[in-house]
Amino acid sequence: MLGEREFTRFFIGYTTSLLGSSMAPVAVAFSVLDSGGSGTDLGWVLAARILPVVLVLLAGGVIADRLGSRRLMLGSDVLRGLVQALFAALLAAGHAPVWAMVALVAVWGIGEGLFMPAFGAIVPDLVRRKELLADGNTLLGLSRSVSTVAGPALAGLVTAARGPAAVLLIDALTYGVGALALTGLRLPDRPKADGGDSMLGELRAGWSEFTARPWLWITTAQMGLFNLLVWAPFLVLGPLISQRELGGARAWGLVMGAYGAGAVLGGLLMLGRRPERPLAVATVAALGWALPSAALAAGAPLAWVVAAALVAGVGSAVGGTLFNTTMQHWVPPELLGRLTSFGALGAFVAGPLGLAAAGPLSARFGAGGVLLVGAVWQVAAGAVVLGVPAVRNRRWEEGPDH
């Protein structure tokens, strides 16, 4: 895979940029707190990053199909690099009020929302041989997994030594590396889909294509409900149970570290492998996410929770790689940006609701009860999705959908 020029160039730039991006949230959090901001202020800043991502995803899909993924990703990297450089400059000068942080992080979120569908659509252009598409997605997934583990740790060291401004400056520079890599890519021309001249017309055409593929909208609905019922409560209630019963922040760090290690292991296991029924295998792999929620709900010892998180990490990497490859293999190139954006929106739009509701629901029904509902749901949803022929029986030898 890394012998292909275009993929190798992109991989180096993307991995460098991703490492900086995974460092930045630590710096942003300490920027708010070091300036005297409260927990409420930090919540506003974090929300200011998430909301724009959701709002611009669909527009990003249309623009990616209209102008090409490379141009949109290049513009996104430049925008986010400038934002982080300005953020770092304000912190270094001592003039970064909360409202300015909210505004800057919101623009950063816009850049991320534009980047996501374009990223999903560019991979087939980087990997010319279809049989290597899964390996390409595996390597990109590995870079995300490693960055998720290494970025926050590195950010903590730099923040302690030089302050959050230094971390944000590093992030700005890594976006520059990503933009430079994109500038030199030589990609094939992509055909343009019929959908009218207006953005609304292209969105309607994309929605029609999205709903015409049962395997796509069913798995998207499953992922959206996973984020609502399983992942969001796990993120909120996991630290709470760790604080009360497992030993505090160190215990939660072990759990999340095991999840990251599992994701790396899952990526390594996927290299060179191409299961005959990718969506079926991805659905089975996602069943592993029932384990950490169930372990926490059952009051299991820390070692069992860590082991469960490791299995969930493996399943997350395997499932993510196979689903992304499925999208890129079966969706025509001229539709890939829009259908990726619909899929991402459906998967993530309910997540903030789950984050907001987990605390109140745990106060009413208990943290273990909420987590147990999520674990049971994950198993039941996986069984239902596997019962859908369009998911269970889809094989690689079938050509792209038209």
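R213 counts as buried, at 4% relative accessibility. This is a predicted model, so please hear every value as computed from it. The side chain of R213 meets that of E209 in a salt bridge, 2.9 Å from N to O. How exposed is E209? It is partly exposed, with a relative accessible area of 27%.

How many salt bridges does the structure hold? There are two. As a general point, side chains of opposite charge can pair when their charged atoms come close. Besides the pair of E209 and R213, there is a salt bridge between D77 and R80, where the closest N and O atoms are 2.7 Å apart. D77 is buried, and R80 is buried too. Both residues belong to helix 3, which covers residues 69-93. They sit three residues apart, about one turn of that helix.

Next, helix 1. It runs over residues 5-34 and has 30 residues. From its first C-alpha to its last it reaches 44 Å, close to the 44 Å expected at 1.5 Å a residue. Where is the kink in helix 1? It lies at A24, is about 25°, and comes shortly before the proline P25. P25 is itself found in helix 1 and counts as partly exposed, at 30% relative accessibility. Along the chain, P25 and V167 are 142 residues apart, and their C-alpha atoms are separated by 9.6 Å. Just after helix 1 comes G36, which takes a positive phi of about 95°.

Now the partners of helix 1. Two packed helices are described by the angle between their axes and the distance between the axes. With helix 6, residues 164-183, helix 1 packs at an angle of about 160°, and the axes are 7 Å apart. Angles over 145 degrees count as roughly antiparallel, so helix 1 and helix 6 are roughly antiparallel to each other. The crossing of helix 1 past helix 6 is left-handed.

With helix 4, the angle is again about 160°, but the axes of helix 1 and helix 4 are 13 Å apart. By the cut-off of over 145 degrees, helix 1 and helix 4 are therefore roughly antiparallel as well. Helix 1 also passes helix 4 in a left-handed crossing.

Helix 4 itself covers residues 98-126. How much of helix 4 is buried? It is mostly covered, with 21 of its 29 residues buried.

Last, A308. This residue lies in helix 12, residues 302-330. Is A308 buried or exposed? Its relative accessible area is 8%, under the 20% cut-off, so A308 is buried. A308 and P292 are 16 residues apart in sequence, and 4.8 Å apart in space from C-alpha to C-alpha.

Note on methods. Residues numbered from 1 in each chain as written. Predicted model: local features only at pLDDT ≥ 70, side-chain atom pairs only at ≥ 80, totals over all residues. Heavy atoms only, no water. Salt bridge = Lys/Arg side-chain N within 4 Å of Asp/Glu carboxyl O. Helix = DSSP H or I, 4+ residues; strand = E, 2+ residues; numbered from the N terminus. Buried < 20%, exposed > 50% of the residue type's maximum accessible area, 1.4 Å probe, protein only. Expected span 1.5 Å × (residues − 1). Axes fitted to C-alpha atoms, helices over the stretch in contact; angles between N-to-C directions. Parallel < 35°, antiparallel > 145°, perpendicular 65-115°, else oblique. Left-handed = near helix turned anticlockwise from the far one by under 90°. Bend = angle between axes of the 7 residues up to and from the residue.
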